[in-house]
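Subject: The model I promised you

Hi,

Here is the structure I said I would send over. Have it open while you read, and my notes follow below.

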Amino acid sequence: AVVSTQSTGVQGSSAKEAYEKANKLLQAIQRYMFANKLHINMTKCCYIHFRPKSVGSGPTPVTPDPAEKHQLFINDFPIKQTSHTKFLGVVMDESLSWEPHITSVRHKLNHASATLYRIRDNLPNHLHKDLYHTLFESHLTYCISVWGGAPITKTSTLWLAQKHCVRVLFGDKEAFLEKFRTAVRCRPYDNQILGEEFYKREHTKPLFRKHHIMSFHNLYAYHTFMETFKILKFRSPISVHSTFNTSKRKETTLITPFPSASYVYRASSLWNTIAQKLNITDYCFNTSSV
């Protein structure tokens, strides 16, 4: 039998300690696989060494190691080290910057927009919104609570791709085509010079409101808030629930940890902001009001 996609992780105060723990864990995994007559495809095995952005930054600095080569093995077979890899549809990189995943999502969104552009005229208008949610937003919201908190400078391309898709499906097509129906020389003299008004794109804010579509930033806030609510209410997964620190004065308030780009910090900040506006008193409120 062949084992499906699996992952495991270890941590240590130094690279040497982390690699020693990892090799011991891999030896135990190899013994378990051999005892249960299971097989590991070594050609598909890889590992990532997650490093802090700067040594000594944050509340728990990592002890630097001398420049020495470390390696992981399974049954004396070396495992390939990589800077990024895809796991369950999410591209993870060694610095957790999410740039490779954002690039991958942008390519999917551009392909979806091109597909919608080709088929939009062959389908009734009342199906355009369903197509948007099916072919476009499904890619945009997949695990967005994990990587959506990346800096705006990195996610701005996704926001532009979403606005382009909204213009394609719900924009004023006739007004756009009217600009190119008449040759420049046939227009009045004052209109022959193509100024700023000609190249100005249609505003998307009215389109978002009219069709009740959430922007990229609102999608991130919504999905992060709802996942945090489920974690706090059902205490599952317990490993993530244990990372949240609930206030003793008010159980629906989370104490934000040290400011960082981590999920716990961003989720706690969003939860405190939105929960206060919704006047949440316990974890049994109606989620349909969100």
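Ala175 lies in helix H6 of this predicted model. Ala175 is partly exposed, with a relative accessible area of 38%. Have a look at what sits across from Ala175: its C-alpha atom is 9.4 Å from that of Glu202, although the two are 27 residues apart along the chain.

Glu202 brings me to the second largest pocket, where Glu202 is one of the residues that lie nearest the centre, along with Arg167, Asp172, Phe176 and Arg201. The lining comes to 18 residues, around a volume of about 590 Å³. Which helix gives the most to this lining? That would be H6, with six residues. Helix H6 spans 173-181, and at least two lining residues each also come from H5 (152-170) and H7 (196-199). By class, the lining splits into eight charged, eight nonpolar and two polar residues.

Now for the wider picture. The protein chain has 290 residues, 30% of them buried, and the secondary structure comes to 11 helices and six strands. If you take the contacts with a separation of 6 or more, 65% of them are between residues 24 or more positions apart.

The axes of H2 (residues 99-119) and H5 come within 10 Å, and the crossing angle is roughly 10°. An angle under 35 degrees counts as roughly parallel, so H2 is roughly parallel to H5. On the H2 side, the residues making the contact are Glu99, Ile102, Val105, Arg106, Leu109, Asn110, Ser113, Leu116 and Tyr117. H5 answers with Lys154, Thr155, Thr157, Leu158, Ala161, His164, Cys165, Val168 and Leu169. In terms of class, this contact holds 10 nonpolar, five polar and three charged residues.

Is Ser113 buried or exposed? Its relative accessible area is 3%, so Ser113 is buried. Beyond its neighbours within four places in sequence, Ser113 is in contact with Ala161, His164, Cys165 and Val168, and also with Phe136.

H5 also meets H9 (residues 216-234), and there the axes come within 9 Å and cross at roughly 110°. That angle makes H5 roughly perpendicular to H9. The residues involved are Thr155, Leu158, Trp159 and Gln162 from H5, and Phe216, His217 and Leu219 from H9. The contact of H5 with H9 has no charged residues, but four nonpolar and three polar ones. Note that Thr155 and Leu158 turn up here as well as in the contact with H2.

As background, most residues other than glycine have a negative phi, and most peptide bonds are trans.

- Asn75 has a positive phi of about 55° without being a glycine. Asn75 sits in the loop between strands S2 (73-74) and S3 (77-78), and counts as exposed at 59% relative accessibility.
- Arg235 also has a positive phi, about 50°, and is not a glycine either. You will find Arg235 in the loop between H9 and H10, where it counts as exposed with a relative accessibility of 53%.
- The peptide bond from Ser236 to Pro237 is cis, with omega near -5°. Pro237 belongs to the loop between H9 and H10 (238-241), the loop that also holds Arg235.

Last stop is Tyr142, in the loop between H3 (128-140) and H4 (144-147). Tyr142 counts as partly exposed, at 40% relative accessibility. What does Tyr142 touch, not counting residues up to four places away in sequence? The list is Leu88, Gly89, Val90 and Trp147.

Write back once you have had a look.

Cheers

Technical notes:
Residues are numbered from 1 along each chain as its sequence is written. This is a predicted model: local features need pLDDT of at least 70, side-chain atom pairs count only at pLDDT 80 or more; totals for chains, interfaces and linings use all residues. Side-chain values use heavy atoms; hydrogens and water are left out. On a 1 Å grid over the protein atoms alone, a cavity is a set of points where a 1.4 Å probe fits but cannot get out, and a pocket is an open set with protein on both sides within 12 Å along at least five of seven lines; lining residues have an atom within 4 Å of a point. Grid points are joined across faces, edges and corners, and a volume is the space filled by probe spheres set on the points. Helices (H or I, at least four residues) and strands (E, at least two) are DSSP runs, numbered from the N terminus. Ala, Val, Leu, Ile, Met, Phe, Trp, Tyr, Cys and Pro count as nonpolar, Asp, Glu, Lys and Arg as charged, and the others, Gly among them, as polar. Axes are lines fitted to C-alpha atoms, for helices over the stretch in contact, and angles run from 0 to 180 degrees between N-to-C directions. Angles under 35 degrees count as roughly parallel, over 145 as roughly antiparallel, 65 to 115 as roughly perpendicular and the rest as oblique. Contact means heavy atoms within 4.5 Å. Buried means under 20% relative accessible area, exposed over 50%, partly exposed in between (1.4 Å probe, protein chains only).
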